[in-house]
Amino acid sequence: TSPRLAEAAIKLLRQHRQGPDADKPLFLYMLSIMEHAPYSKHYPVCCNLDHAGITQSLAARLSDYIAKLKLLSESVMQLDRYLQGDSRPALFCTFGDHQAYFEEQQPPYRMTFPDPNLVTQYRLRSNFDAPQVPDYPILDIAYLPSLVADYSGVTKDPRFTALSAMRLLCKGKLDDCEDPRLVQSYEGYIYGEALGLLEK
């Protein structure tokens, strides 16, 4: 659960540093599902959402979602503080995978992206000097692992090399990249015999 996320991560980091592989990099992937729907339509309304021109039930559900995000944020900040104060190099990436689903009609998003329901945030922080993350108008989530690989300095395999190249060539876009032939070529390489990601 969200409140235990930082505690669990810090425990794993400390165990790793006392173990036989302490000199090797450690990759942790943590998923918090607590922020997921359903949201209560009886939750106490916050943030003056009852005056926002939306239904009472949507205001309550949104308030429930905000409360869950606050819990997650506290845990994420706790882990971030730990990593920023650590003597070993650390790269910390957080991201969402889609917008919240509130089970009822909500006001339309004020975005021109192909599918605003899939637009969320990501953040990449390090406790070492690293170049500025490229300022893309939007970054397809499929590219996020390539950013992590680039900034962590690990040796990349051919798949990650291709992913980083596509991110640069398409300026963070994938399905909506301006060069559809480049996307077809990339997909042919990734899913073809060269890498065999879909071998039978």
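Where is Asp-80 found? Asp-80 is in helix 2 of this model, and the model is a predicted one.

The protein contains five helices and two strands. Read from the N terminus, the elements come in the order α-α-β-β-α-α-α. The C-alpha trace spans about 55 × 50 × 35 Å along its principal axes. Of the 200 residues, 28% count as buried. The accessible surface is about 13500 Å², and carbon and sulfur atoms account for 55% of that area. Among contacts with a separation of 6 or more, 57% are between residues 24 or more positions apart. As for charge, there are 21 positive and 25 negative side chains, and the centres of these two sets are 5 Å apart.

Now back to helix 2, which covers residues 56-84. Asp-80 lies in this helix. Is Asp-80 buried or exposed? Its relative accessibility is 11%, and the cut-off for buried is under 20%, so Asp-80 counts as buried. Once neighbours within four places in sequence are set aside, Asp-80 is in contact with Phe-92 and Arg-125.

The loop between helix 1 (2-18) and helix 2 comes next, and Pro-38 is part of it. The peptide bond joining Ala-37 and Pro-38 is cis, with omega about 10°. Cys-47 is found in the loop between helix 1 and helix 2 as well. The phi of Cys-47 is near 60°, a positive value in a residue other than glycine. Cys-47 counts as exposed because its relative accessibility is 52%, and the limit for exposed is over 50%.

A second residue with a positive phi is Glu-103, where the angle is near 65°, again in a residue other than glycine. Glu-103 sits in the loop between strand 1 (91-95) and strand 2 (122-126). Its relative accessibility of 39% is why Glu-103 counts as partly exposed.

The loop between strand 1 and strand 2 also holds Gln-106. At 21% relative accessibility, Gln-106 counts as partly exposed; the reason is that buried requires a value under 20%. Leaving out residues up to four places away in sequence, Gln-106 touches Leu-58 and Ala-100. Gln-106 and Leu-28 are 78 residues apart along the chain, and their C-alpha atoms are separated by 35 Å.

The next topic is the aromatic side chains. How many aromatic pairs does the structure hold? There are three. One of them is formed by Tyr-39 and Phe-102, a tilted pair with 5.3 Å from centre to centre and 40° between the planes. This pair links distant parts of the chain: Tyr-39 is in the loop between helix 1 and helix 2, while Phe-102 is in the loop between strand 1 and strand 2, 63 residues apart. Tyr-39 counts as buried because its relative accessibility is 5%, and Phe-102 is buried with a relative accessible area of 7%.

Phe-102 also pairs with Tyr-65, and this pair is edge-to-face, with 5.7 Å from centre to centre and 80° between the planes. Here too distant parts of the chain are linked, with Tyr-65 in helix 2 and Phe-102 in the loop between strand 1 and strand 2, 37 residues apart. Tyr-65 and Phe-102 are both buried. Together, Tyr-39, Tyr-65 and Phe-102 form one aromatic cluster.

The last stop is further along the chain. Helix 3 covers residues 144-152, and its buried residues include Leu-144, Leu-147, Val-148 and Tyr-151. Ser-146 and Ala-149 of helix 3 are buried too. What covers the buried residues of helix 3? The cover includes strand 1, strand 2 and helix 4 (158-169). After helix 3 comes Gly-153, which has a positive phi, near 80°. A ring and a charge also meet in this model: the charged end of Arg-159 sits over the ring of Phe-160, 5.5 Å from the ring's centre.

Definitions and conventions: Residues are numbered from 1 along each chain as its sequence is written. This is a predicted model: local features need pLDDT of at least 70, side-chain atom pairs count only at pLDDT 80 or more; totals for chains, interfaces and linings use all residues. Side-chain values use heavy atoms; hydrogens and water are left out. Helices (H or I, at least four residues) and strands (E, at least two) are DSSP runs, numbered from the N terminus. Buried means under 20% relative accessible area, exposed over 50%, partly exposed in between (1.4 Å probe, protein chains only). Contact means heavy atoms within 4.5 Å. Accessible areas come from the Shrake-Rupley method with a 1.4 Å probe; for residues, only the protein chains shown count as cover. Lys and Arg count as positive and Asp and Glu as negative; His and the chain ends are not counted. The place of a charge is taken as NZ of Lys, CZ of Arg, CG of Asp or CD of Glu. Rings of Phe, Tyr and Trp (its six-membered ring) pair if their centres lie within 6.5 Å; planes under 30 degrees apart count as stacked, over 60 as edge-to-face and the rest as tilted. A charge sits over a ring if NZ of Lys or CZ of Arg is within 6 Å of the ring centre and within 35 degrees of the ring normal.
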